[in-house]
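Subject: Handing over the model

Dear colleague,

Please find below the structure that I promised to pass on to you.

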Amino acid sequence: MSETRLTIRRPDDWHLHLRDGEMLKSVLPSTSANFRRAIIMPNLVPPVVTSQDAASYRERILAALPAGHDFTPLMTLYLTETTDADDLEQAFRSGLIAGVKLYPAGATTNSQSGVRDFDKVTGVLERMAEIGLPLLVHGEVTSADVDIFDREAVFIETVLDPIRRKFPELKVVMEHITTEEGVAYAKSGGDNLGATITTHHLIINRNDILVGGIKPHFYCLPVAKREKHRLALRAAATSGDATFFLGTDSAPHLDQNKLCECGCAGIFSSLNTMSCLAHVFEEEEALGKLEAFASLNGPAFYGMAPNEATIDLVKGSEKVSYPPSIPTPDGPVTLFNPGYDLLWKVENQL
Ligand code: NCD
Ligand code: ZN
């Protein structure tokens with residue numbers, strides 16, 4: 001009989017969008033019910049660029065936390081061509097921030113303030129390498145002549161590899177990798193290089209977005225690729241290799257902003273991610289590696305201790321009922337639907 005109960009250390013989410021205001025209040029409980037810590041993406045409008053911005057955003061997150069939820073937001077700053085290295089160092093040393101996010105300008109939602117000229121951030125990257133502050137990279141080029149399905153592979157060759165050669169001491173996380181090239185590059189990178197993988201990229205490929213009608217709720221960036229890439233991601237995530245760890249990239253948008261002529265990129269998955277992951281790891285006969293992926297490899301990369309508390313994942317014969325969407329005052333946000341029944345439940349979900 002297959003295993004029906006799995007106890008693992010409480011997981012963390014190493015790539016998360018919480019937004020602000022009413023949306024923050026509506027989506028935060030889905031994360032804090034399941035995760036002890038999360039790396040909070042800084043792509044608000046306007047973005048989180050200074051330590052002062054990060055400190056006040058952190059306060060707003062903590063104020064929105066439901067009573068009884070034990071959750072620590074790990075803040076990040078949004079790298080711009082005018083980022084101040086001293087401000088960033090002070091924010092890191094004080095424990096306020098855990099990473100700095102690099103968005104190539106125009107790569108994704110709210111990335112207009114991102115970096116266009118990489119020479120302009122040399123000083124900041126040098127400082128980060130010196131003090132051990134990780135650079136979190138949205139790894140896609142943005143030039144119109146590169147096909148959207150090739151943007152990750154081209155980024156690795158033309159942007160990421162040169163940065164890493166120039167700053168070999170810099171700790172880098174390749175965020176939400178989606179290709180076999182991403183897996184191979186991350187694997188070959190040594191201890192200074194890590195990679196997050198989302199839940200949805202382990203489950204959907206580009207056919208799921210496009211065949212039989214367009215599925216806006218499966219649209220995110222980087223966009224899901226061919227099946228061979230999904231398989232490479234599954235192999236990497238379930239291997240136990242310390243390079244790879246969970247970053248859900250749960251990225252809520254109101255349904256009205258996804259179901260329209262120019263729909264936003266982003267998949268909201270924080271509520272059912274652990275059920276989805278248990279399903280995937282069981283399919284891969286790798287339930288024993290789920291703890292490494294969701295709870296151990298991330299903290300090890302960031303130099304933090306794993307969580308002491310544990311969660312129990314229990315497989316029943318009835319499907320776990322998750323709501324199809326969560327409500328916000330401005331309208332619903334649809335939850336990621338893996339397309340099959342989820343039988344694994346987090347028994348002690350808060
Ligand atoms: C993210 C968002 O909506 O903020 N969207 C997404 O599709 N993942 C931005 C990002 O992480 O690229
Ligand atoms: Zn993201």
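Where does H200 lie? H200 is placed in the loop that runs between β8 (193-197) and α7 (206-210), helices being DSSP runs of H or I of at least four residues and strands runs of E of at least two, numbered from the N terminus. Before going further, please note that this is a predicted model, in which local features need pLDDT of at least 70 and side-chain atom pairs count only at pLDDT 80 or more, whereas totals for chains, interfaces and linings use all residues. Residues are numbered from 1 along each chain as its sequence is written, chains are lettered from A and ligands numbered from 1 in the order in which they are written, and side-chain values use heavy atoms, with hydrogens and water left out.

H200 has a relative accessibility of 0% and therefore counts as buried (buried means under 20% relative accessible area, exposed over 50%, and partly exposed in between, with a 1.4 Å probe and protein chains only). If its neighbours within four places in sequence are left aside, H200 is in contact with C220, T248, D249, I267 and F336, contact meaning heavy atoms within 4.5 Å.

Because H15 lies in strand β2 (residues 13-16) and D249 in the loop between β9 (244-246) and α9 (255-258), the pair ties together parts that are 234 residues apart in sequence.

On a 1 Å grid over the protein atoms alone, a cavity is a set of points where a 1.4 Å probe fits but cannot get out, while a pocket is an open set with protein on both sides within 12 Å along at least five of seven lines, and lining residues have an atom within 4 Å of a point. The largest cavity has a volume of about 100 Å³, and of the 16 residues that line it, H17, T108, T109, L221 and D249 are the closest to its centre. The second largest cavity, of about 60 Å³, has a lining that includes H176 and P222, and helix α5 (residues 151-166) supplies the largest share of that lining, with four residues. The largest pocket holds about 250 Å³ of space; among its 15 lining residues, Y322, N337, P338, Y340 and L342 lie nearest the centre.

P222 is joined to L221 by a cis peptide bond, with omega about -10 degrees, and P222 sits in the loop between α7 and α8. Another cis peptide bond, also with omega about -10 degrees, joins V45 and P46. H176, although not a glycine, has a positive phi of about 35 degrees, and H176 is buried, with a relative accessible area of 2%.

Lastly, helix α10 (residues 273-283) has 10 of its 11 residues buried, so it is largely enclosed by the rest of the structure. The buried residues of α10 pack against β1 (5-9), α8 (227-237), β9, α11 (290-302), β10 (310-315) and β13 (344-346). E285, in the loop between α10 and α11, is by contrast exposed, with a relative accessible area of 76%, and its phi is positive, near 50 degrees.

With kind regards

How values were computed: Grid points are joined across faces, edges and corners, and a volume is the space filled by probe spheres set on the points.
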